Amino acid sequence: MRSAHPGEDALDTILQLVLNGLAVGCIYGLVALGFVLIYKATELVNFAQGDLLMLGAFTCYMFVVWYGVGYWVALALAVALVALFGAVLDATILRRVIGQPQFSVVMLTIGLGAIFRSFASIAWGSEIYTLPTPFSARATRVAGVAVSHEYVSIIVGTVALCAVLYAFFTFTRVGLAMQAASQNQLAAYYMGIPVKLMFSLIWAISAGVAAIAGVLLAPVSLIDINLGFIGLKAFAAAVLGGFGSIPGALVGGVTIGLIELFSGAYLPQGFKDVAAYVVLLVVLAVRPQGMFGAIVRKKV
Amino acid sequence: MADPLLTVTNLETYYGPIMAIRGISFVVPERSVVTILGANGAGKSTILKTVSGVMDPQKGTVTFAGREIQGMDPDRVTRLGISHVPEGREVFPFLSVRENLMMGAFTRRDAAGVGEDLELVYSYFPVLRSRAEQRAGSLSGGEQQMLAISRALMARPRMMLLDEPSLGLSPRLVKEIFEIIARINRERGVTVLLVEQNANMALHIADYGYVLEVGRIVMEDTCARLLEKEDIKEFYLGMKESGVRGTRRWKRKKTWR
């Protein structure tokens with residue numbers, strides 16, 4: 001670092017924090033996206049979302065390190081497997097609790113999360129692993145700021161994924177049918193849309209997105225069975241954005257990521273972990289529907 | 001009359017412990033318009049829901065085009081050619097009008113035919129063309145009803161189930177919508193099963209009518225003859241000739257069942 005110009009140094013730090021905050025925020029945003037997709041469709045809040053991320057990271061790690069599969073192939077395999085797992089989860093377990101009190105759904109998904117963690121520690125061990133990726137420990141200096149490829153890969157990956165999802169939900173027949181099934185289940189049935197299948201697909205997409213987030217996160221954070229607790233912050237991000245709004249989930253995620261990194265750097269020790277929740281409380285007090293939430297009234 | 005397209009026999013449907021339909025039988029001949037009249041809570045909507053598979057009957061059979069369909073999942077029933085226009089429109093509020101219509105054609109694979117039908121429904125309801133890119137939730141009630149009927153038509157159904165299409169609409173709109181329903185039946189050969197509280201309108205476009213009271217069919221006849229019956233005039237068309245309704249109930253007057 002060039003200490004001759006302390007002002008520039010501070011600017012460097014800020015840019016670095018912005019980059020890292022954006023990247024971490026993207027991960028929160030992706031997990032929050034999974035929360036929102038499932039909630040909009042089935043009105044279930046899936047507290048195992050973070051653990052699906054953990055499973056994705058572990059699965060990719062297993063393919064890369066144990067079986068020597070290439071990174072991109074391993075990524076595709078991990079996403080496909082976790083997505084399939086999500087669909088099966090919906091078809092076998094979660095479909096049964098639709099319409100039950102929200103409390104039992106919360107208990108069920110928290111329980112599932114615990115099961116996934118145990119499964120991971122049995123299958124892969126409870127040590128801490130690093131996933132070698134093409135982006136690991138590489139950096140490019142842009143205008144004096146060291147830009148690490150890991151963080152850039154997260155941001156680029158998130159933007160690309162969101163573009164693909166947006167195109168899928170807006171322009172394809174199945175994507176529109178998923179939206180339709182989320183908005184009005186009964187009418188979707190009347191249209192001949194196989195609603196149950198659509199819900200399973202939504203679960204698959206949410207789980208797949210979580211798996212991608214896990215693989216993107218792996219080089220930055222280390223992989224262990226508690227990786228899934230990131231889901232709590234992602235949940236805060238989803239609420240911040242107004243549970244039920246997809247752009248809100250992403251903006252909420254990025255907001256929380258930035259707040260977390262900046263409060264970690266400039267506020268006393270310990271604030272990093274609570275700052276996000278403090279902001280969440282303030283936002284909910286001022287604007288209870290969240291940043292992007294709309295109070296929708298049904299037209300009679 | 002032609003062979004019945006839809007035959008319902010001894011249907012019984014419950015809401016939990018409450019028996020909503022108490023053993024109903026009726027037939028809907030191909031290319032006809034059949035109406036079921038009845039007051040609130042008589043079980044009209046329940047009949048349609050049971051036919052389209054949203055509710056499962058406890059007893060009885062529903063036969064459509066020679067096939068028993070009771071208890072089938074609603075999306076499969078739709079694929080067989082029954083389109084249900086539910087009570088209260090039930091459009092997809094955050095999809096555009098055009099997207100709503102395309103969802104109506106979800107079961108179809110023939111893009112050319114879907115395009116033709118899109119033009120057809122726009123010709124029936126020109127207002128939908130001008131609102132094509134607007135969110136369906138922002139339409140007025142009448143426009144939403146037009147959209148709901150058009151959406152059902154997009155499946156190119158053999159039979160349409162219409163649940164209270166006149167609900168909450170102005171008299172002029174009601175007339176317009178009923179004229180379109182008659183045209184759909186006449187020009188497209190779509191069989192219609194119509195459930196209505198607006199008995200006057202329903203009896204004028206339908207060929208045959210059933211009267212439902214508390215889950216039972218208490219009267220059936222051609223609509224021309226139903227319009228002449230004293231009880232129909234008094235209770236459903238509001239034309240009183242003598243005295244007040246008093247405590248007389250059809251349930252007690254079983255002579256004409």
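Is Arg89(B) buried or exposed? Let's start there, and keep in mind that what we have on screen is a predicted model. Arg89(B) is buried, and its relative accessible area is 7%. You'll find Arg89(B) in the loop that runs between β6 (82–85) and α3 of chain B. Its backbone is worth a look too: phi is near 65 degrees, a positive value, and this isn't a glycine. Most residues other than glycine have a negative phi.

Arg31(B) sits in the loop between β2 (18–29) and β3 (33–38) of chain B. How about its surroundings? Arg31(B) has 55% relative accessibility, so it counts as exposed.

Okay, on to the inside. In soluble globular proteins, nonpolar side chains tend to be buried together. In this model the largest nonpolar core has 99 residues. Leu53(A), Leu131(A), Ile193(A) and Met103(B) are the ones with the most contacts inside that core. Let's pick Ile193(A) and ask which residues it touches, leaving aside neighbours within four places in sequence. From chain A there are Ala177(A), Ala180(A), Ala188(A) and Met198(A). From chain B there are Asp75(B), Met103(B) and Phe106(B). There's also a second, separate core, with 53 residues, and Val85(B), Met146(B), Leu194(B) and Ala199(B) are among them.

Next, a pair of helices in chain A. Helix α3, residues 71–92, packs against helix α8, residues 195–217, at an angle of about 145 degrees. Their axes are 7 Å apart, and the crossing of α3(A) and α8(A) is right-handed. On the α3(A) side, the contact includes Leu75(A), Val79(A), Val82(A) and Gly86(A). On the α8(A) side, it includes Phe199(A), Trp203(A), Ala207(A) and Ile212(A). By class, the contact has 16 nonpolar, 3 polar and 2 charged residues.

Last stop is helix α4 of chain B, residues 111–124. This helix has 14 residues and reaches 20 Å from its first C-alpha to its last, close to the 20 Å expected at 1.5 Å a residue. Which residues of α4(B) are buried? They are Gly113(B), Val114(B), Asp117(B), Leu118(B), Leu120(B), Val121(B), Tyr122(B) and Tyr124(B). And what covers them? The cover includes four helices of chain B: α3 (97–104), α5 (126–130), α6 (141–153) and α7 (171–188).

That's the tour, thanks.

Notes
Residues numbered from 1 in each chain as written. Chains lettered and ligands numbered in written order. Predicted model: local features only at pLDDT ≥ 70, side-chain atom pairs only at ≥ 80, totals over all residues. Heavy atoms only, no water. Core = buried A, V, L, I, M, F, W, Y, C linked by side-chain atoms within 4.5 Å. Buried < 20%, exposed > 50% of the residue type's maximum accessible area, 1.4 Å probe, protein only. Contact = heavy atoms within 4.5 Å. Axes fitted to C-alpha atoms, helices over the stretch in contact; angles between N-to-C directions. Helix = DSSP H or I, 4+ residues; strand = E, 2+ residues; numbered from the N terminus. Left-handed = near helix turned anticlockwise from the far one by under 90°. Nonpolar A, V, L, I, M, F, W, Y, C, P; charged D, E, K, R; others polar. Expected span 1.5 Å × (residues − 1).
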